[in-house]
Amino acid sequence: MHRKEKQFLLYLLVCLLSAGSCLGQQQKHVLWYSQPAKDWNEALPIGNGRLGAMIFGRPGNELIQLNEETLWTGGPVDLNPNPEAPQYLQPVREELYKDNIGEAVRLLRKMQGPDTEMYQPLGDLRLNQTYDGTPTNYYRDLNIDEATATTRFTAGGVTYTREMFASAPDQVMVIRLKADKAKALNFTVGVNHELAFQRQITSDNELVLKGKARITNDENRRPKPLVYTDSLHCKGMRFQFRVKAVSPDGTVITSDSVLTISNATEAVLYISGATSFNGYDKCPDSEGKDEAKLATDYLRAAEPKGFDALKKAHVQDYQQFFNRVSLSLANQAGSDMPTDKRLAAYQKGQADPYLEELYFQFGRYLLISSSRPGGIPANLQGIWNQNIRPPWRSNFTTNINLQMNYWPAEMTNLSEMTQPLLEHIKRMAKNGEATAQNYYNMDGWAVHHNSDIWSQTNPVGEGSGDPKWANWLLGSPWLSQHLYEHYRFTQDKAYLRETAYPLMKGATAFALDWLVEKDGHLITAPSTSPENVYILPNGTKGTVTIASAMDMEIIWDLFTNMIEASEILGIDQPYAAMLKEKRNMLSPLKVGRKGNLVEWYGDWEDEDPEHRHVSHLFGLHPGREISPLLDAKLAEASRETLEMRGDGGTGWSKAWKINFWARLLDGDHAYKMYQELLKTSTLNNLFDTHPPFQIDGNFGATAGVAEMLLQSHLSEVQLLPALPTAWKDGHVKGLLARGAFEVDMTWKDGKLTQAFITSKTGGECTLRTHEKVRVKKTKSTSSPTQLYDQTQYLTTFKTKPGMRYELVVK
């Protein structure tokens, strides 16, 4: 028997004894690897919404990088940082009307304000483990069925195992280290941080790292001195994390701010963390919470419960969300390869439906792990960031990225995870009222390109930012879409009446004030199509215009949602009638000479025809103004636009294109974009890369898969609207449609064979299917009506709350 064969058999034996068959790993949702992470982009993420960790899986010198979602630089925002801003608005408009683009840009920069603050790392946990020999039979994984991570290796005849999870019920992270031979476990625990910090050992033998965040923000290209305190003791958030080591048979001693565990068979590390953040409008220093008490209380409440009880509660809590949706795209899972090897093979063209299924569920895992009720929204990196100057500040970018983070939430049955976004919108609306008034002398609330934990809403750029991103200002109408979508999926009228409608009305007030009439149409001025550049016929390049298609589509969406909400609630009928008139006056969408949907006010060329943003297709997705089922001309123009843009772009751009093509009912092209994202924009740990890592692509792709299988934005529940040829057989359970209908479907040879509709709140359900179906008769089933519109069947029936209806394909 060859040496490699012996090692492989030993590897299988270890798997069978300690973690189940490794050959069976592909039957579960597991990311697994046969070597440690070589850098942060290969580390594995865990999180409980508030606390996050990136696990490297190193045998001897383990690095676990920690985060806490509220640890940011700065403090409460200045609500009027540029009192002179309003005087420039009318001059900007006048210069735009005269096509003096350069002067309009110069004046717009005078309307900018401070940049956002930055999300910060909590620190590093380092485990230095000693053992004999060189590690073999190495294995590490992330089990997203249970939200646990494992590292295992053999050295000196001993198999060592580490298991880690982040508990939402108990608000701690827990690591259990084990040896399969008695007293063979020896390691130390240390802590570190790039910022100034202090280490200490408490009287209870807890290892503590504590420090302060900076009072200012900066960038790698323009670093500032690290300043931690201001004269008013307002800014400079305090933070700390604590580690407690417990071993039933080993010794735990402390020296030189290090925990040393010796001669143990098993040891458990309990890790808690907290900051002094006390709300977006409170000084984190002088008015901050007691972070030491918070971290101590979490730790002392969790530690007596022990590893097994904490893990059981953690898994039950996590699975109540994750297990709502299952997806099967293949009868067999494919080859037994580590995830990085599977990805590499996929990138070379090997089919792997299991990897496609895994990536979909990984997006759901990341959302559950980074966005929990009571917290703040997932930022550009979710909750996982190792840098004190993170890419794009790890902020909330509201011209696509923040919204994309939450596209999969409702439709993949994770509605609770939208609560951090909905609560953040409330805070932005509060600050945004000041921004609308102080910057534009307008009513309602405004949100610009970037926001942060302090709910900043002003135009950023500090006088030097390019207006193509810095001065974009339709964040409040776009975010209002999420407010209304939450109602459409849940049918919660109390929420619509008390929360969503008033906030949407505030955004509408700003939109009405922002619109101006020109040539018989309502337009926006100034206007951008985020981050893109046009070329006028005379060769002039511009970034600012009037009435970009995106602006018109976003405002159309807001007005339409307001009109519907008014009717549902039976209020504000005159107001809704006025909005219908205004909606009819919006500058219309246009088809260009190349057959594309015109992005700008004129049919101009793009500086970059394959630009990553495709903002002028907002009306196709996430909006509902454009659809092949509504207007073939605009749908075809959208298709031409996508073909001109190409299939390249950043990770999140490819994710958006999955959704665009699905909405055009072209499943094969949507699938092609899904493949492109996996092949060219996915890191070995399955994180999406811009580059660098940016989590919105993960979330956008998960939403795109759901859009291929189920659509409901046009008030019909469309089953398998864009099913790719490659997924000819499959099953999905638990997707959610608007109207609060939960959908299970099975298909074979590309055709629906069976479906079940569970009505959560009752009401009328209209199905759109390629196949003729009938609703199986029960005592509670009303007689359905059925129509055929030349291509598809429409089946309408009344439902009762909590009832499950079987669809039989005729």
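**Exercise 1. The largest pocket**

How much space lies in the largest pocket?

*Solution.* The structure is a predicted model, and every value below is computed from it.

Step 1. The space in the largest pocket comes to about 910 Å³.

**Exercise 2. The cavities**

Step 2. At least two lining residues of the largest cavity come from each of helix 9 (407-411), helix 10 (419-440) and helix 12 (475-490). Helix 12 gives the largest share, 4 residues. By class, the lining of the largest cavity has 7 nonpolar, 4 polar and 5 charged residues.

Step 3. Of its 13 lining residues, Asn471, Trp472, Leu473, Trp514 and Pro526 are the closest to its centre. This lining divides into 9 nonpolar, 3 polar and 1 charged.

**Exercise 3. The nonpolar cores**

Identify the residues with the most contacts inside the largest nonpolar core, and examine the surroundings of Val189.

*Solution.* Step 1. The largest nonpolar core holds 218 residues, and the most contacts inside it belong to Ile46, Leu125, Val189, Tyr365, Leu709 and Met745. Helix 14 (residues 549-569) contributes the most to this core, namely 11 residues.

Step 1. With neighbours within four places in sequence left aside, the contacts of Val189 are Leu125, Arg126, Leu127, Leu207, Val243, Val258, Leu259, Ile261 and Leu269.

Step 2. Another core, of 9 residues, lies apart from the largest one; Val172, Tyr270, Leu299 and Leu310 are among its members.

**Exercise 4. An open sheet**

In what order do the 3 strands of the open sheet stand, and is the pairing parallel or antiparallel?

*Solution.* Step 1. The order is 23-22-24, and the pairing is antiparallel.

Step 1. Strand 23 (541-542) and strand 24 (605-606) are the edge strands, since each pairs on one side only.

Step 2. Strand 22 (residues 534-535) is joined to strand 23 by 2 bridges. Within this pair, Tyr534 stands opposite Gly542 in strand 23.

Technical notes:
Residues numbered from 1 in each chain as written. Predicted model: local features only at pLDDT ≥ 70, side-chain atom pairs only at ≥ 80, totals over all residues. Heavy atoms only, no water. Core = buried A, V, L, I, M, F, W, Y, C linked by side-chain atoms within 4.5 Å. Buried < 20%, exposed > 50% of the residue type's maximum accessible area, 1.4 Å probe, protein only. Contact = heavy atoms within 4.5 Å. 1 Å grid on protein atoms, 1.4 Å probe; cavity = no way out; pocket = protein on both sides within 12 Å on 5 of 7 lines; lining within 4 Å. Points joined across faces, edges and corners; volume = space filled by probe spheres on them. Pairing = 2+ DSSP bridges. Nonpolar A, V, L, I, M, F, W, Y, C, P; charged D, E, K, R; others polar.
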